[in-house]
Amino acid sequence: MDTVILLMCTGLGLGALYFLVASGLSLIFGLMDVLNFAHGALLSVGAYAAWWAAAEGGTGFLAAVAFGTGVGTLASVLLELVLIRPLYSRPRDQILATVGVGLAVPALLMGVWGADARPFPQPSALSGTVHVLGAVVPVNRFVLMGAAVLVLVALRLFLSRTRYGLIVRAGVEDRAMVTALGIDVRRAFTLVFAIGGAAAALGGALAGLYFGSVNPGQGTGLLIFAFVVVVMGGMGSVTGAATASAGVGLVQQFANYYTAAGLGDLSVVVLLAVLLLVRPGGLTGRLA
Amino acid sequence: MTLLGRWWPAALLVVLVLVPFSAVPVPGLLDGPLGSPGTLQLLGLCLLYGALATGYDLLLGRTGLLSFGHALYFAAGLYVTDLAMLEWRLPFAAAALVGVGCTLLLAVLLGAVGLRVSGIGFSMVTLAFAQAGAILVSRDPGGLTGGEEGRAVPADLLPDGLVGIQNTATLYWIALAYLVLTLGVVHWTVSSPLGRVWAGIRENERRVEVLGLRPYGFKLVAFVVAGGLAGAGGVVYLLLTGGATPQAASSDATLALLVMVVLGGSGSRWGPLLGGVLYTWADHRLGDLANSETVAGLPAVLRVPLSQPLFLLGALFVAVVYLLPGGLAGLPARIRAGRRAAGTGSRAVPGRTAGSAAAPAGSGPASGAAPGATEAPGAREGSAV
């Protein structure tokens, strides 16, 4: 029983990490039709910035996470303004440009800080364990889950209650129509990139907590599962992404524990194939 | 046009066939003289990747399918052939047949599932399948794939003419033959009625449906043909490098193919080949550059980026996407269009830039003319046969 609880908590923690990456991907894709291959790089930037602030700058954990998120957001906005915006008329080239950034940024991080993983300083308040129904669960799992729930609630509120959320939702539904109504969708693009980058960078900083270290390839490794989550959840849907990330995280952990290691990663892909055969539109089919 | 303009591919082929007999040194570009084994192996790899990129362009440039999992089929051909020799003790020819056959089967199965979603969904699904393949290979199930180390090919099962450094020329010719095969298959399919439907799907899938054709089957054929070609490429790679390593299955391998195709010019006949050759050559030479003394002596601001080949390639890729939308193959047409625009005087320019207000004034005429110019060779290709 306690193994099951531990696996559930770990799976949900991993799922929370996937959600932080996938929510931004899903929104960016839904609104702009850009598959952002640089999203993993944004996560790595956030992770390294948080690590740098904590280990080199000597700031506290919260300040480090805030710093990492800020740097990631800035990088994301910069990416949108400098690289994506000039290519609005060439959708495929936007994807290709992000592929280039996704290759170059981790390589640059590797060049500056080396290929080896750097240990992430763990704050004492978050490095302990708690007892849940007889299971001993590391606290950082709950930190991740809390962050993901917070981001999910904030995103839902933003999408359903604010004017820009309305524009984003309308843009996901039919971008041409929104433009025809005289609304400058491009500002919403930058905004969505900022939100997505912030979530990914937060995910990166918290991934340092979860894995105990940061390395240049971390973002790319997580990105592929985030893609799976986005497809499963239905592209453009934040709630779908949340459901799918919890499912993917749980399946992965349970399969990795009860069968051979590595089979969990495979079973996620099999799950994706089955889901596509049954419901080609993803879990939710459509937005919100 | 002229005799040379029409027959240069044949002339180039003759030159490429004769390369192993030459001992001309190419200082700066290559390490040794042309005929030396090291150079021949690098040239063979260049030709192999040129062919792989050409096959991949069947999906990307000809049918408009952005697959992120092409490395899976390359790795399948590579590993299945290797394992058929190692585990079943099959002779090389039979193992190669098994390898290509299994790759085709895999492409049919995964293509049938992946093509149920279209557009970007397809890209993500292919990426996920390829990732599953990469995980499977690196986890070393039952000691079959050898994990990170990979597995060397058993030399005793290879024909004598393919083993040893003195036979590098033969391997080079095999790579060249594979390139010719790929170019032939791609050219033949693209100029067949099938290829016209592919071009239609690339331009507007909905209209193909309206014409009463189901794009699904046509896309699946393109996927399987490209997969089979990649599998055959895996067999050639096995011979050239003497083993199967997990890097072949990684998602970076697919991204490299993508970079090659875009660098050379997707959808053109020679572009992907050019891109593949240049990328492979640059990849090897940039590695040398990264370890060279000139770079080590530079200040950190320059040294760090220059010592990372992937950073240079990524940056180069972004630059090509920006500045050369048609790739290197589209360059002559762009220059010609630029000259024409300059020649006709300033009358036409304001009209065009006014039409596309969003585009920067300088790039307006060039980018407006480029698609038309790159389309023209394609149209000739179709009507020539």
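**Figure 1. The salt bridge between B:Glu87 and B:Arg151 in the predicted model.** In this predicted model, B:Glu87 and B:Arg151 form a salt bridge whose closest N and O atoms are 2.9 Å apart, a salt bridge being a side-chain nitrogen of Lys or Arg within 4 Å of a carboxyl oxygen of Asp or Glu. The pair links distant parts of the chain, 64 residues apart, with B:Glu87 in helix α3 (residues 70-88) of chain B and B:Arg151 in strand β1 (residues 151-152) of chain B. Helices (H or I, at least four residues) and strands (E, at least two) are DSSP runs, numbered from the N terminus. B:Glu87 counts as partly exposed at 40% relative accessibility, and B:Arg151 is partly exposed as well, with a relative accessible area of 23%; here buried means under 20% relative accessible area, exposed means over 50%, and partly exposed lies in between (1.4 Å probe, protein chains only). A search of the whole structure finds 7 salt bridges over all chains.

Residues are numbered from 1 along each chain as its sequence is written, while chains are lettered from A and ligands numbered from 1 in the order in which they are written. Because the model is predicted, local features need pLDDT of at least 70 and side-chain atom pairs count only at pLDDT 80 or more, whereas totals for chains, interfaces and linings use all residues, and side-chain values use heavy atoms, with hydrogens and water left out.

**Figure 2. Two further salt bridges of chain B, B:Arg202 with B:Glu203 and B:Glu205 with B:Lys219**. The closest N and O atoms of B:Arg202 and B:Glu203 are 3.1 Å apart; B:Arg202 counts as partly exposed at 31% relative accessibility, while B:Glu203 is exposed, with a relative accessible area of 53%. In the salt bridge of B:Glu205 with B:Lys219, the closest N and O atoms are 2.9 Å apart. This pair links distant parts of the chain, 14 residues apart, joining B:Glu205 in helix α8 (residues 205-210) of chain B to B:Lys219 in helix α9 (residues 215-241) of chain B. B:Glu205 is partly exposed, with a relative accessible area of 26%, whereas B:Lys219 is buried at 5%.

**Figure 3. The interface of chain B and chain A.** Here 39 residues of chain B are in contact with 41 residues of chain A, where contact means heavy atoms within 4.5 Å. The two chains bury about 3500 Å² between them, 81% of it on carbon and sulfur atoms; buried area is the accessible area (1.4 Å probe) that two parts lose on being put together, summed over both. B:Arg116, B:Met124 and B:Tyr322 supply 18% of the area that chain B buries against chain A, more than any other three residues. Across this interface the rule finds 0 salt bridges, while 3 residue pairs are in polar contact (both at pLDDT 80 or more). A polar contact is a pair of N or O atoms within 3.5 Å; within protein, one must be able to donate a hydrogen and the other to accept it, and residues adjacent in sequence count only if both atoms are side-chain atoms. The elements that give two or more residues to the side of chain B that touches chain A are α5 (120-139), α10 (251-264), α13 (300-306) and α14 (309-323) of chain B, and α5(B) gives the most, with 13 residues.

Figure 4. B:Thr189 is buried, with a relative accessible area of 7%, and its side chain reaches the backbone oxygen of B:Val185 at 2.8 Å. Not counting residues up to four places away in sequence, B:Thr189 touches B:Leu58, B:Leu194, B:Gly195 and B:Trp198.

**Figure 5. Confidence along chain B.** Chain B averages a pLDDT of 81, and 88% of the residues score at least 70, pLDDT being the predictor's confidence in each residue, from 0 to 100. Among the elements of chain B, helix α17 (residues 364-384) has the lowest mean pLDDT (38), and α9(B) has the highest (94). Over residues 346-385 of chain B, pLDDT stays under 50, and for these residues the model has 20 contacts beyond four places in sequence. Where pLDDT is low, the predicted coordinates should not be read in detail. For the complex, the predictor gives an ipTM of 0.79 and a pTM of 0.81.
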